[in-house]
Amino acid sequence: MESSPHRVVVLALPGLLPFELGIPHRIFGRAKDGAGRPLYEILTCGLAPGPVPTDADFDIHVAQGPELLATADTVVVPASYELGPVHEEGRLTDELTAALAHIRPGTRLVSICTGGYVLAAAGYLDGRRATTHWASAAHFQQLFPAVKVDPDVLYTDDGDVLTSAGVAAGIDLCLHIVRRDHGAAVANEAARRTVVPPHREGGQAQFVDRPVPEPQLATTTAARAWVLDRLHEPLRLTDMARQEAMSVRTFTRRFREEAGISPGQWITGRRVERARRLLEQTELSMEQVARESGFGTAQSLRKHVQAALGVSPTAYRRTFRATGGTGGGGSGGGSGGGVTPPSPDGPSVDAGSVH
């Protein structure tokens with residue numbers, strides 16, 4: 001019997017940011033199975049049916065009230081600029097408390113940017129690792145000391161509770177969820193249809209010194225493109241720097257300024273990405289996957305995949321083989337099923353390569 005799509009309910013709060021409200025609809029709405037069927041059903045509710053003010057010069061009309069939360073497999077709380085006592089005192093309003101009471105135990109909870117204040121005020125983040133926009137991180141930690149705030153990452157994954165930093169990091173988190181639920185191919189296609197990069201590691205820094213290169217300033221783009229064509233080969237920092245006609249020292253500094261992580265961390269992330277695709281989509285042996293992804297040996301592959309995903313390559317492949325690459329897509333799926341990796345921190349490349 002064909003399962004129904006995993007239901008995502010987005011809670012629209014007064015003062016919401018329209019861009020962030022649209023992220024779940026855009027990303028989850030582009031996730032399709034091999035036959036082109038939607039893998040998610042995305043619905044929106046408010047604290048009450050009717051108009052919801054935004055931080056822009058228009059309101060949005062939400063047809064359904066908080067009762068819809070009781071039907072959700074995943075609840076998403078985007079940012080709002082009118083959280084009142086939630087933001088100022090760390091406590092829920094009576095109206096918000098009543099709304100969140102509709103959420104069933106085991107429902108996956110997701111926040112975008114300062115939507116994390118709502119999850120924290122409700123106690124969902126106590127004892128858990130979480131993040132929010134870097135400009136709010138210190139205030140967030142002060143208000144919610146029981147939360148393990150990581151101010152530097154794009155998003156965190158604590159199984160059934162996931163949080164993201166500001167704005168575009170919400171796109172990264174939603175793509176991460178699609179990937180976790182249904183594998184790399186589905187997530188990459190959703191990203192391609194949305195014309196955004198397919199994946200940024202959760203451990204990547206939120207704030208980089210030069211997110212938009214200055215005019216006439218040399219970048220590391222050519223070196224990264226060069227690397228992506230040679231992930232299966234030994235890679236050295238001197239060769240990467242040569243692509244940009246820079247010294248190793250200048251190249252390393254410039255790379256960190258632009259990417260927020262070291263060249264070695266970035267290469268390891270790309271190799272893990274390639275290994276994931278090969279594990280999901282091919283029958284190659286572990287030794288072959290290791291060679292094709294640039295890890296060289298099955299032992300090195302296991303080390304880096306375990307560090308990044310929290311599971312062995314064999315377990316990762318078995319999960320996606322068992323689910324047909326669509327883990328947890330049906331309604332009632334709770335946390336979404338499939339592999340539940342922690343956010344990777346980008347382990348360094350093997351000795352002898354870039355580090």
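Q: Where in the chain does Thr93 lie?
A: In this predicted model, Thr93 lies in the loop between helix H2 and helix H3 (94-100).

Q: Why is Thr93 called partly exposed?
A: Its relative accessible area is 27%. Buried would require a value under 20%, and exposed a value over 50%. Thr93, at 27%, therefore falls in between and is called partly exposed.

Q: Which residues is Pro85 in contact with, leaving aside its neighbours within four places in sequence?
A: Pro85, whose place is in helix H2 (residues 85-88), is in contact with Gly90, Arg91 and Thr93. The criterion for contact is heavy atoms within 4.5 Å.

Q: How far from Ala121 are Pro85 and Thr93, in sequence and in space?
A: Pro85 is 36 residues from Ala121 in sequence and 9.5 Å from it in space, C-alpha to C-alpha. For Thr93 and Ala121 the values are 28 residues and 9.7 Å, again C-alpha to C-alpha.

Q: Why do strand S2 and strand S9 stand at the edges of the sheet?
A: Six strands form an open sheet in the order S2-S1-S5-S6-S10-S9, with mixed pairing. Strand S2 (40-46) and strand S9 (155-157) each have a single partner strand, so one side of each is left without a neighbour in the sheet. From one strand to the next, the twist averages 15 degrees.

Q: How do you know that strand S1 and strand S5 pair?
A: Pairing needs at least two bridges, and three bridges join S1 (residues 6-12) to S5 (residues 74-77), so the two strands count as paired. They run parallel. Val9 stands opposite Val75 in S5.

Q: Which helices pack on or lie across strands of the sheet?
A: Helix H1 (residues 18-29) packs on the sheet and touches S1, S2, S5 and strand S6 (108-112). The direction of H1 makes about 160 degrees with that of S2. Helix H6 (residues 168-182) lies across S2, S6, S9 and strand S10 (161-164), and runs at about 150 degrees to S10.

Q: What makes strand S3 and strand S4 a pair, and how do they run?
A: Four bridges join S3 (residues 50-53) to S4, against a requirement of at least two, so they are paired; they run antiparallel. The two strands form a hairpin with five residues between them. In S4, Val62 is the bridge partner of Gly50.

Q: Which residues of strand S4 are on its covered face, and which on its uncovered one?
A: In S4 (residues 59-62), Ile60 and Val62 form the covered face, while Asp59 and His61 form the uncovered one.

Q: How is the packing of helix H8 and helix H11 described?
A: The axes of H8 (residues 221-228) and H11 (residues 263-281) come within 11 Å and cross at roughly 35 degrees. The crossing in which H8 passes H11 is right-handed. Arg224, Val227 and Leu228 in H8 meet Trp266, Ile267, Arg270 and Arg274 in H11.

Q: What share of the residues in the protein chain is buried?
A: Buried residues make up 53% of the 355 residues. The protein chain exposes about 15300 Å², and carbon and sulfur atoms supply 53% of that area.

Key. Residues are numbered from 1 along each chain as its sequence is written. This is a predicted model: local features need pLDDT of at least 70, side-chain atom pairs count only at pLDDT 80 or more; totals for chains, interfaces and linings use all residues. Side-chain values use heavy atoms; hydrogens and water are left out. Buried means under 20% relative accessible area, exposed over 50%, partly exposed in between (1.4 Å probe, protein chains only). Accessible areas come from the Shrake-Rupley method with a 1.4 Å probe; for residues, only the protein chains shown count as cover. Axes are lines fitted to C-alpha atoms, for helices over the stretch in contact, and angles run from 0 to 180 degrees between N-to-C directions. A crossing is left-handed if the near helix is turned anticlockwise from the far one by less than a right angle, and right-handed if clockwise.
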